[in-house]
Amino acid sequence: MKSAISLVTELMAVPGKSREEGQIVSRISDKLRKAGIPKSAIRIDRANKRIPGGGEVGNLIVKLPGTMRQPRRLLMAHVDTVPLCVGCRPIRDGEFIRSANSETALGGDNRAGASVLLHTACTIVREGLPHPPLTFFWPVQEEIGLLGARYAKPRDLGSPKLCFNWDGGAPNVAVIGATGDYDIQIVIEGIASHAGAHPEDGVSAIAIAAAATNDLVENGWHGLIRKGRNEGTSNIGVINGGEATNVVTPRLTLRAEARSHNPRFRKRIVNEFEKAFKRAVRKTTNAAGQRGQLLFSADLKYESFQLKPSEPCVQAAVEAVEAEELAAETRVCNGGLDANWLNEHSLPTVTLGCGQAGIHTNSEVLHIESFLQACRIALRLATCRH
Ligand SMILES: [Zn+2]
């Protein structure tokens with residue numbers, strides 16, 4: 001297992017923020033080739049050509065034929081990191097690995113997961129372990145909206161029956177559900193006028209935004225939302241506009257989000273947002289009775305999912321965790337995962353932890369023992385009989 005530690009240390013040092021994964025993808029490919037995996041089994045898909053905004057490379061996909069006649073299994077972990085990880089210098093510090101460069105994060109999110117897969121693939125091939133048909137899937141661009149997984153073609157993954165994703169902390173925790181999320185874009189067009197000479201001729205986009213926001217807050221549609229049995233969250237996170245204090249502000253752009261595990265309720269939150277902004281536009285007029293305008297749109301970033309405890313990948317994950325003498329826990333989370341998109345592609349996927357802690361900050365560390373446990377769990381899931 002010393003090799004797993006040096007592997008993750010090496011991969012964390014390779015820069016590879018979202019959209020710039022070329023170097024890390026070729027490093028992983030080289031290691032697979034050196035372990036004896038034929039070039040023909042390794043491919044990089046064209047997801048980057050389909051993703052709006054592009055990217056250096058597509059997803060890395062490795063397919064191995066089975067030595068046992070069983071349904072195909074898929075192991076996955078995103079390869080990109082947040083930009084804060086670029087320039088990191090991983091060093092060992094007791095039970096942890098951290099970055100010697102205090103200006104950076106570490107990139108255990110998600111080079112830990114990427115290394116779990118790489119270690120598993122190399123171990124199987126080097127030691128000639130019997131295994132079912134396997135797909136190793138390293139998607140790109142997770143951190144900027146789960147894009148690699150979203151734009152992957154399910155057909156390229158070889159129709160796996162059991163899918164496992166590594167991204168997170170505790171190796172014994174299996175995430176079996178996650179929320180869904182809308183990205184809301186709002187443009188308010190008011191009417192400009194001189195704020196000193198003729199403020200009454202203007203329609204302030206800021207006044208409209210304030211009225212709408214207040215409406216949402218007062219009526220319980222902003223922040224944590226609880227309506228009867230339904231729950232969700234929303235947040236207006238970005239407001240841009242205004243250039244001078246002597247101009248009644250004619251234009252604002254806002255971005256917000258709405259989350260709920262319940263797709264219908266999530267849509268309802270978006271509708272309440274639209275209604276609140278429409279009301280605010282209607283009641284904000286200038287002296288001549290003129291009004292501003294609203295442009296409102298919402299895009300689904302990812303759909304929610306929830307797997308049953310009886311789902312084969314959940315059962316397999318729980319068994320593998322318990323075989324490592326850890327207490328298995330299942331959880332549903334309020335963030336998005338690549339697993340959301342795998343599930344949308346009709347590939348039920350459970351997500352396991354791999355030792356990450358303090359992610360996306362410059363105090364990020366990797367807990368070595370948890371990472372090694374994740375490696376053992378992954379090897380078991382890739383080779384055991386089910
Ligand atoms: Zn991650």
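Mentor: Welcome! This is a predicted model, where local features need pLDDT of at least 70, side-chain atom pairs count only at pLDDT 80 or more, and totals for chains, interfaces and linings use all residues. Residues are numbered from 1 along each chain as its sequence is written.

Trainee: What makes domain 1 and domain 2 the divisions of the protein chain?

Mentor: Domain bounds come from an automatic or database domain assignment. Here domain 1 covers 2–179 + 304–383 and domain 2 covers 182–301. Their centres, taken over C-alpha atoms, are 39 Å apart.

Trainee: How many residues of domain 1 are in contact with domain 2?

Mentor: Two residues are in contact if their C-beta atoms, placed from the backbone, lie within 7 Å. By that rule, six residues of domain 1 meet five residues of domain 2. On the domain 1 side, six are polar, with no nonpolar and no charged residues. Asp, Glu, Lys and Arg count as charged, Ala, Val, Leu, Ile, Met, Phe, Trp, Tyr, Cys and Pro as nonpolar, and the others, Gly among them, as polar.

Trainee: Why is α8 called a helix, and how does its reach compare with the expected span?

Mentor: Helices are DSSP runs of H or I with at least four residues, strands are E runs of at least two, and both are numbered from the N terminus. α8 (residues 312–323) has twelve residues. The expected span is 1.5 Å times one less than the number of residues. For α8 that is 16 Å, and its first and last C-alpha lie 16 Å apart.

Trainee: Which residues of α8 are buried?

Mentor: They are C313, V314, A316, A317, A320 and V321. A residue is buried if 20 or more other C-beta atoms lie within 10 Å of its own, exposed if 12 or fewer, and partly exposed in between, with C-beta atoms placed from the backbone.

Trainee: How do you know where they lie around α8?

Mentor: Seen down the axis, they fall within an arc of 165°, so they line one face of the helix. The arc is that of the directions from the helix axis to the C-beta atoms. Their cover includes β15 (329–333) and α10 (368–383).

Trainee: What makes β5 and β18 a pair?

Mentor: Two strands pair if DSSP finds at least two bridges between them. β5 (residues 96–99) and β18 (residues 365–367) have three, in the antiparallel sense, so they qualify.
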